[in-house]
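Student: Could you walk me through this model before I set anything up with it?

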Amino acid sequence: MPSSEQYLEYVLEQLSDLDEISYRTMMGEYIIYYRAKIIGGIYDDRFLVKPVKSAMSMMPDARMELPYGGAKEMILVDDLENKTFMKKLFEAMYDELPAPRKRK
């Protein structure tokens with residue numbers, strides 16, 4: 001089941017305190033970028049982020065879930081209503097995320 005545009009809009013609103021948030025549609029789901037780095041995505045109307053050290057320490061009790069079959073587990077973010085937490089989470093994760101790949 002693809003994610004809804006309404007859920008995407010809700011997530012983007014919760015991230016509105018951050019600059020340079022963007023997204024890309026991929027097979028009915030949404031990849032979320034922060035300052036050009038992939039930070040996570042929306043899969044089946046669930047917001048999942050990469051399991052980097054800072055995210056794991058900020059959400060020690062969070063569930064790990066598969067975004068889709070055959071993928072690596074990601075962290076389910078269930079405190080979307082807390083904009084302050086979301087901003088701190090993204091800022092903490094940024095340095096641990098891999099640099100964007102250069103396009104040929």
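This is a predicted model: local features need pLDDT of at least 70, side-chain atom pairs count only at pLDDT 80 or more; totals for chains, interfaces and linings use all residues.

Student: Start with the strands, then. How do β1 and β2 pair?

Tutor: Strand β1, residues 21-26, and strand β2, residues 29-34, run in the antiparallel sense and are paired over six bridges. Ile21 has Tyr34 in β2 as its bridge partner.

Student: Switching to charges: how many salt bridges does the structure hold?

Tutor: It holds four salt bridges. One of them joins the side chains of Glu13 and Lys83, at 3.0 Å from N to O, and that pair links distant parts of the chain, with Glu13 in helix α1 (residues 5-14) and Lys83 in helix α3 (residues 83-94), 70 residues apart.

Student: Which residue does Glu65 meet in a salt bridge?

Tutor: The side chain of Glu65 meets that of Arg63, at 2.3 Å from N to O. Glu65 counts as buried at 13% relative accessibility, whereas Arg63 counts as exposed at 53%. Salt bridges that share partners join Asp44, Arg46, Arg63 and Glu65 into one network.

Student: What about the contact of Arg46 with Asp44, how is that one built?

Tutor: Their side chains meet in a salt bridge at 3.9 Å from N to O, which falls within the 4 Å cut-off for a salt bridge. Arg46 counts as buried at 19% relative accessibility, because buried means under 20%, while Asp44 counts as partly exposed at 32%.

Student: New topic, α3. What is its span?

Tutor: Helix α3 has twelve residues and reaches 17 Å from its first C-alpha to its last, which is close to the 16 Å expected at 1.5 Å a residue.

Student: Which residues of α3 are buried?

Tutor: They are Phe85, Met86, Leu89, Phe90, Met93 and Tyr94. Seen down the axis of α3, these buried residues fall within an arc of 165°, so they line one face of the helix. As background, an α-helix has 3.6 residues a turn, so residues three or four places apart point the same way.

Student: And what covers the buried residues of α3?

Tutor: The cover includes helices α1 and α2 (53-58), together with strands β1, β2, β3 (37-43) and β4 (46-49).

Student: Last one, the rings. How many aromatic pairs are there?

Tutor: The structure holds six aromatic pairs. Among them, Tyr23 and Tyr30 have ring centres 5.9 Å apart and planes at 75°, so the pair is edge-to-face. Tyr23 counts as partly exposed at 42% relative accessibility, whereas Tyr30 counts as buried at 7%. Tyr34 and Phe90 also form an edge-to-face pair, at 5.8 Å centre to centre and with 65° between the planes; this pair links distant parts of the chain, since Tyr34 lies in strand β2 and Phe90 in helix α3, 56 residues apart.

Student: Are Tyr34 and Phe90 buried or exposed?

Tutor: Tyr34 is buried, with a relative accessible area of 4%, and Phe90 is buried as well, at 0%. Tyr34 and Phe90 form one aromatic cluster with Phe47 and Tyr94.

Note on methods
Residues are numbered from 1 along each chain as its sequence is written. Side-chain values use heavy atoms; hydrogens and water are left out. Two strands pair if DSSP finds at least two bridges between them. Helices (H or I, at least four residues) and strands (E, at least two) are DSSP runs, numbered from the N terminus. Buried means under 20% relative accessible area, exposed over 50%, partly exposed in between (1.4 Å probe, protein chains only). The expected span of a helix is 1.5 Å times one less than its number of residues. The arc is that of the directions from the helix axis to the C-beta atoms. Contact means heavy atoms within 4.5 Å. Rings of Phe, Tyr and Trp (its six-membered ring) pair if their centres lie within 6.5 Å; planes under 30 degrees apart count as stacked, over 60 as edge-to-face and the rest as tilted.
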